[in-house]
Amino acid sequence: MSVYEEVTVVDFAVREHRSLWVDAWRRLISNRTARIGMAIVALFVFSTVFAHFFWKYDPKTDLDYALKLKPPTLIPNEEVPSVHLFGTDKLGRDIFRRVVHGGWNSLRVGLVAVSISLSIGGILGLLAGFYENIRETVPERMALRALVGMALGALNAWIASQWYQALLFAGIGILSVFIREHDKRRRRIMFIMLGILCGAVPGFIAHPMVALVCGTLGALYGLFFSFDIGGKFFSDTVMRFMDIVLAFPSYLLAIAIVAFLGPGLEKGMIAIGVVGIPIYARLARSSVLSVMQKEYILAAQAVGESHGRILFRHIVPNILSPIIVQTTMGLASAILSAAALGFLGLGAIPPEPEWGAMLGDSYRFLASGAWWAVLFPGLAIMLSVLGFNLLGDGLRDALDPKLQI
Amino acid sequence: MLRYIIRRLITLVPTIIGVTFVIFMFQRLIPGDPAVAMLGEHAAKENVERIREQLGLNRPLFLDREALAQGDLKTFFDSQYFRYLSRLVRLDLGVSIHRRIPVAETLAQRFPATVELALLSMMIAIFVGIPVGIISAARRNSILDSVSMIGSLIGVSMPIFWLGLMEIMLFAVILKWLPAGGRISTGTHIETVTNLLLVDSLITGNIPGFFETLKYLAMPTIALATIPMAIIARMTRSSMLDVLQEDYIRTANAKGLVERVVLFRHALKNAFLPVITIIGIQAGTLLAGAVLTETIFAWPGIGKWVYDAILGRDYPIVQGGTLLIALIFVFINLMVDVSYAVLDPRIHYD
Amino acid sequence: MNRRILYSLGALVLIMSMILSACAPKATPTPEATEEVVVTEAPVETEAPVATEAPVATEAPPVEPELKTFIFGRGGDSVQLDPAIVTDGESFRVTGQCLEPLYQYDHGSTVPVPALAEVCEPNEEATEWTCKLRQGVKFHDGTDFNADAVIFNFERWRFTDNPYHFESQVFEYYEYMWFGFDDASVITAVEKIDDFTVKFVLSSPLAPFLANLAMDMFAISSPTAIQTYGEDYGTPAVGCVGTGPFKFVEWVEGDHITVEAYDEYWGGRPKIDRIIWRVIPDDSARYLALKAGDIHALEQAVVEDLADAEADPNLYVLTRPALNTAYLAFNYRIVEFQDRNIREAVAHALNKVALVENFYGAYGQPAKTFLPPMVWGYNDAIEDYAYDPDLARQMLADAGFPDGLSEVTIAEDILDADGNVVYQAGQKIPLTLYYMPVTRFYYPSPKEIAEAMAADLANAGFNVQLELAGDWPTYLGLRREGRLLGLYMLGWGGDNGDPDNFLNYFFGGLSSADEVKEPDPREGFYANQEVASLLYQAAVNPNQAEREAIYKQVELLLHDDVARIWIAHNNTPLIFSAKVTGYIPQPVGADYYEFVEISD
């Protein structure tokens, strides 16, 4: 990005061959922001993990009315006989301890949520980008059309209460791969007839009206299969779904998912993870698209390497850097979202400590001056998020200075 | 160009239908219903059943296959979803379950509150964020640059609900300069024309009302502006840096043009594209209503309204409010794409 | 090229804004709308030329300058202003000022005293009540209050085929207090004797007749208003039209409701000119608004803020006498909870006194019975189970759990609303305490109270897990189906100060003397035949002294059985600015605002 880095890149080029990742690591640790970020992240990870295993805390029995809402106390005195670095909360619990242990929950939420978004979104985006540009093989096309047929047929099957209709339409899908009728009009008519047949005939057993509805739907499906349903269709459908998810504001969507699943840390992880899927899908797809035009992919195709091999040997390694950067930053935003859910009372189940929930419980005492109960959990959220953001920034500079995330 | 816009508008249709579909899915999936929410601890079983029936909640959600098996095509389509769609086509968002107020009416009242807050926040974010980004880029690696970039990173990492609480503590509890929440004090009277109080107070010449409104807007605006401001500053900087490395800038510099001219006439124009994208996305997010900020500052916007409606199972509000929010999102995305076409002559869409 | 793009962009914006404006309603047709248009015209005319005049003109809009306005801050908005069809206190808070029932409760108590009726007298069997109505009273819309108005209201509530008994409305309380609609109603007729005398005919004697009559839900609305506005009566556009000391002005949903003094009020015009109820949902934000002078009074505050308010010379605190009980209920479909000793161990495990002191402050009272002390029938002789964790642990050990209790067994299959088995008999589940997702007046901070209770229980060997079952509708829904399997928090706020209103809803509900009490899922499947029979006897007995004895006995039985753990009664605090005097908080029914005065 800067002139300085350009010089170092040139410098690397004249040195002996070294792995790309080793290079990246060197650049990472020579980057000041990244070092600060790593230090903060390491501090949080180390302290929470250490506390989790070696500084046991049982929130279930932690209650001392005598110590409620005491300000930070460094030197024990008569009123507060123990040290409370960050003060105590309404139930007389030590906030420092709860902040440290709360980190375990917050970091866990971040990790799991990002894994969910990354694995689902990343794979969808990868496939969408890949098949958008490549002609799918016959088995792939069969699988796709069978699945689509099954999904469409499921509606018919549900309406008519006849499960086998789903299979019939899956069959039409597979059939459409092999019927090589090139005259467009005749192909269309043929498939529409086929669809009506599969929908209406079984439907007729139930009721003529069912036959009418299922037949109409069948005709539509038939028309659909008479087109060239392939990779482009798959990619478009996936991205359209992502658009739908993106059209909802993330907090509201997460809240709705939690309302459906029920509150709790695990449910929160799922909600935040699902909301994040489109981001990774879009990123993965656009990264794949930029890689697909490269000569080495064309070469691999020309040599006749299998699709799976091209995907995992050539494409995945080359789109890793933006994904790694996004994942790091995603951890930061997942921690923030988790805190927001916790603040609304939808996070960890009490008395389990969690930063957002601690804020949500304590802010009512601000008016009476208990600033410590609000300041420290908030600082913990901010610092940990800042740490991951700094690290992500540094990673971007180290891995791919041209990236704009 | 027009063709491109029309094509984009058409692709929006399935997205919007998908959105309404998802809203309905959730409605079925989330347990508990408006009847129970309405009647509370005292609820009697028969009344719950009756309300469900009156609200049409005993109709199937999407399609009634039992009716079809009886040969009744009309009842087959008589579901909650199709009722909603048919009302929507007639531009009727329905009536809130709990208060029996037309959803559109409350929307007309609450949306301006969100717009006022979002626009003011966006203005602050843009007018602070872009200059900071430009200066950082121009004075790269200076102390100014480091400070503003660390500042913006902290801004991006800020839990805004916490920032809001800290603001309240400082300005409302300790200093007592600003009110802790609400949109306007009860004593102040502003004639409503647009429902944007700042605008209304100005066009009716109500200067005290204007400043009163500003006092209430100050804290939530700052809280909301923080993240977009930081993001815009960062994006402006990195985009400017990219452009500054281009050959034509070097040429301009070599020609001996004044730095100011190079920066503003040559670099800025080209660095603007990604910044616009970011501004669009951020504006969309803010217009969608900030649930947490609105909760903390008791701001009567749509985010809090929809959130409360989810908790109270007031389906017409959830449906109407979410649909509006989704429309805004989608529309802003479209605007961003179109502005690309306008600003960047290299992009051709036809 | 560029210009064309701009045009198309402009067209797009235009289309979108047209769509949006089409969605918005046409110039809200509120009654005030016409007035406001006139107001806005003045500044528009003077806008440009005389710049200095414009602000002056609007600074003091034609609202009378010296209007004495009392601003009350509250946590939630009203649902509707037709009291017959709502159940929430925030609605009654407002309707109580604009409507009046035939009877009302005396200052600071639950004793019914005449309001719109001058007197109501029963016949000897107490099956007929003849009410003399107040004469010369006018509704806010100018129509007369008379026997026809009373009959109109009662018939609207009672008959499901009445044209104003709208499908979409639920007359929950009529059904509940008068035993049903149409023919099921205990009021079989409301007869007009003359213009200002009505007779209520009952199918059987009803002990709390007057107390019921005085409830907010049975306040008399103007028949003309209901006929005019139909289903819209009670919504923000219309509000309420009654005979009360204040008449409805405006309601901005989610923000505030304004009423103004009714000059022709039969009890004399109130001393203040306007009341504004402002919604400030957050407890601490509401308190800050009071300190800043934005509001004059509020209800419900954080304990720490209350202490602050008491120290502040500019503020003072009044309490609403507690007519509520917060409790912890057992689900009796759990084998372990069917053991009375385990229930008693739970009672000994909870440090109720400390809990109340910490979360309710000086305004809470630890509860030992379901009835709060201010309700007659309260049995003060009962001695509460003492806080004794060691004893609790011992009792638990004696009951067969020397290592404490962390898993419980389902006694019978638990079904959901559709009849599916959710839990099977014999299944083991973790010992759970369900806490409420919302703050209610009886539980000021349910989550932290639950944490404290769980800690107490854990110290006595009950390894209890907290659980949030979902949001409020979900929670109530699960409770209705008996699916809060474990301990769960809930409470009750009395409606009319009669013990029957507390006890019969939960533990009685029999419709004849020899009916068998079925375990009700809503009450955690608790059934106590002895208690239910006694409650039936009390409900049909017109002699108050005998009823009182029965209720005392019922309370003792429930205590001995440890049917539930009664936690606290909350004397909800109201904080006032020192400028305000004369506010009378009521344990039940609308507070009295008409004596409020504000000094400068």
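Student: Which residue of strand 10 of chain C stands opposite C:Gly73?

Tutor: C:Arg278 stands there. Before going on, note that this is a predicted model: local features need pLDDT of at least 70, side-chain atom pairs count only at pLDDT 80 or more, and totals for chains, interfaces and linings use all residues. Residues are numbered from 1 along each chain as its sequence is written, while chains are lettered from A and ligands numbered from 1 in the order in which they are written.

Student: How do you know that strand 1 and strand 10 of chain C pair?

Tutor: Strands are DSSP runs of E, at least two residues long; helices are runs of H or I, at least four long; both are numbered from the N terminus. Two strands pair if DSSP finds at least two bridges between them. Strand 1 (residues 69-74) and strand 10 (residues 274-279) of chain C have six bridges, so they pair. They run parallel.

Student: Why is strand 1 of chain C called largely enclosed?

Tutor: Five of its six residues are buried, so the rest of the structure largely encloses it. A residue is buried if 20 or more other C-beta atoms lie within 10 Å of its own, exposed if 12 or fewer, and partly exposed in between, with C-beta atoms placed from the backbone.

Student: What makes C:Ile226 count as buried?

Tutor: C:Ile226 has 23 C-beta neighbours inside 10 Å. The threshold is 20 or more, so C:Ile226 is buried. C:Ile226 sits in helix 8 (residues 223-229) of chain C.

Student: Which residues does C:Ile226 touch, leaving out those up to four places away in sequence?

Tutor: C:Arg156, C:Tyr164, C:Ser221 and C:Tyr233. Contact means C-beta atoms, placed from the backbone, within 7 Å.

Student: In which direction do strand 4 and strand 5 of chain C run?

Tutor: Strand 4 (residues 117-122) and strand 5 (residues 128-133) of chain C run antiparallel, joined by five bridges. C:Cys120 has C:Cys131 of strand 5 as its bridge partner. The two strands form a hairpin with five residues between them. In that turn, C:Ala126 has a positive phi of about 60 degrees.

Student: How do you know that the buried residues of helix 6 of chain B share a side?

Tutor: Helix 6 (residues 80-89) of chain B has B:Gln80, B:Tyr81 and B:Tyr84 buried. They cover an arc of only 100 degrees around the axis, which puts them on the same side. The arc is that of the directions from the helix axis to the C-beta atoms. On the other side of helix 6 of chain B, B:Ser86 and B:Val89 are exposed.

Student: What do the buried residues of helix 6 of chain B pack against?

Tutor: Helix 1 (2-29) and helix 16 (315-343) of chain B. Just after helix 6 of chain B, B:Leu91 takes a positive phi of about 60 degrees.

Student: What makes the span of helix 4 of chain A agree with expectation?

Tutor: The expected span is 1.5 Å times one less than the number of residues. Helix 4 (residues 95-133) of chain A has 39 residues and should span 57 Å; its end C-alpha atoms are 55 Å apart, which agrees. Of those 39 residues, 28 are buried, so helix 4 of chain A is largely enclosed.

Student: Which residues have the most contacts inside the largest nonpolar core?

Tutor: A:Ala254, A:Ile255, A:Ile335, A:Leu366, B:Ile232 and C:Leu535, in a core of 361 residues. Helix 15 (residues 372-399) of chain A gives the largest share, 16 residues. A nonpolar core is a set of buried Ala, Val, Leu, Ile, Met, Phe, Trp, Tyr and Cys residues joined through C-beta atoms within 7 Å. A second, separate core has 25 residues, including A:Val148 and B:Leu68.

Student: How many residues of chain A are in contact with chain C?

Tutor: 21, against 25 residues of chain C. The chain A side divides into eleven nonpolar, four polar and six charged. Here Ala, Val, Leu, Ile, Met, Phe, Trp, Tyr, Cys and Pro count as nonpolar, Asp, Glu, Lys and Arg as charged, and the others, Gly among them, as polar.

Conventions
Contact = placed C-beta atoms within 7 Å.
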